[in-house]
Amino acid sequence: MKASTPKALATREKILQSADTLFYLHGYNATGLDRIISEAGITKGNFYYHFKSKEALALAALERHFEKTSSEMSEHAMKHKQSPLKMLFAILDLMAQRQTLQYQAGNIRGCYFGNFTLEMSTESKAVRRKVQSIFERIREMFSDLLKRAAEAD
């Protein structure tokens, strides 16, 4: 990553935040770079300083979304750290709450990572590998909690 000054880091974050929202709302292919640049309030030069391509942005957005989501799940689970099983149920409950909120808002978008898989898995090997890696990390997290729950039982 090139960004090292606070201003550069803030610009990069604005780009990622805009891309994250737009990719989720409209999909990767329907979201043009000009829309991301406009939404982020930056110049095209700013964009290309931080990302060499839209695909590179997608990879960074996927990782950012995973880090944010896994951090939120971990924080939520730690509130229920009495047992691995309660932690697991807390994570599942958080996921269900998010889907319910989307449904109630009439804003059903599905799984961010699953959407990328459906749209990009045959178009981009890099995106396919990134999503596979994310799903593997999620699977490992659930597997670890299930093993710990079985051992505690």
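Which helices each supply at least two residues of the lining of the largest pocket? They are α1 (6–26), α4 (54–78), α5, α6 (112–120) and α7 (125–152). The structure is a predicted model, in which local features need pLDDT of at least 70, side-chain atom pairs count only at pLDDT 80 or more, and totals for chains, interfaces and linings use all residues. Residues are numbered from 1 along each chain as its sequence is written, and side-chain values use heavy atoms, with hydrogens and water left out.

The protein has 7 helices and 0 strands. Helices (H or I, at least four residues) and strands (E, at least two) are DSSP runs, numbered from the N terminus. From that end, the elements run α-α-α-α-α-α-α. Along the principal axes, the C-alpha atoms fill a box of roughly 55 × 35 × 30 Å. Of the 153 residues, 38% are buried. Buried means under 20% relative accessible area, exposed means over 50%, and partly exposed lies in between (1.4 Å probe, protein chains only).

Rolling a probe the size of a water molecule over the atoms shows where empty space is left. A pocket is found on a 1 Å grid over the protein atoms alone, with a 1.4 Å probe; it is an open set of points with protein on both sides within 12 Å along at least five of seven lines. Lining residues have an atom within 4 Å of a point. Grid points are joined across faces, edges and corners, and a volume is the space filled by probe spheres set on the points. The largest pocket holds about 640 Å³ of space. Its lining has 22 residues. Tyr 24, His 65, Thr 69, Arg 98 and Tyr 112 lie nearest the centre. Helix α4 gives the most to this lining, with 6 residues. By class, the lining has 10 nonpolar, 7 polar and 5 charged residues. Here Ala, Val, Leu, Ile, Met, Phe, Trp, Tyr, Cys and Pro count as nonpolar, Asp, Glu, Lys and Arg as charged, and the others, Gly among them, as polar.

Charged pairs were examined next. Side chains of opposite charge can pair when their charged atoms come close. A salt bridge is a side-chain nitrogen of Lys or Arg within 4 Å of a carboxyl oxygen of Asp or Glu. The structure holds 8 salt bridges. One of them joins Asp 34 and Lys 44, at 3.2 Å from N to O. Asp 34 lies in helix α2 (residues 33–40) and Lys 44 in helix α3 (residues 44–50), so this pair ties together parts that are 10 residues apart in sequence. Asp 34 has 52% relative accessibility, so Asp 34 counts as exposed. Lys 44, at 45%, counts as partly exposed.

Another salt bridge joins Glu 67 and Arg 137, with the closest N and O atoms 3.7 Å apart. This pair links distant parts of the chain: Glu 67 is in helix α4 and Arg 137 in helix α7, 70 residues apart. Glu 67 is partly exposed, with a relative accessible area of 40%. Arg 137 is also partly exposed, at 26%. Both belong to a network of salt bridges that links Glu 63, Glu 67, Lys 130 and Arg 137.

Within helix α7, Glu 136 and Arg 139 lie 3 residues apart, about one turn of the helix. Their side chains meet in a salt bridge of 2.7 Å, N to O. Glu 136 is partly exposed, with a relative accessible area of 32%. Arg 139 is partly exposed at 45%.

Leu 85, Phe 89, Leu 92 and Met 95 form a nonpolar patch on the surface, with about 370 Å² of accessible area together. Patches are made of residues with over 30% relative accessible area and no salt bridge; like charges are joined within 9 Å, and nonpolar side chains (Val, Leu, Ile, Met, Phe, Trp, Tyr) within 5 Å. Accessible areas come from the Shrake-Rupley method with a 1.4 Å probe, and for residues only the protein chains shown count as cover. Leu 85 is found in helix α5 (residues 84–104). At 40% relative accessibility, Leu 85 counts as partly exposed.

Met 87 also lies in helix α5. Met 87 is buried, with a relative accessible area of 10%. Met 87 and Met 73 are 14 residues apart in sequence and 9.3 Å apart in space, C-alpha to C-alpha. Phe 116, in helix α6, is buried at 4% relative accessible area. The C-alpha atoms of Phe 116 and Phe 23 are separated by 8.6 Å, and the two residues are 93 apart along the chain.
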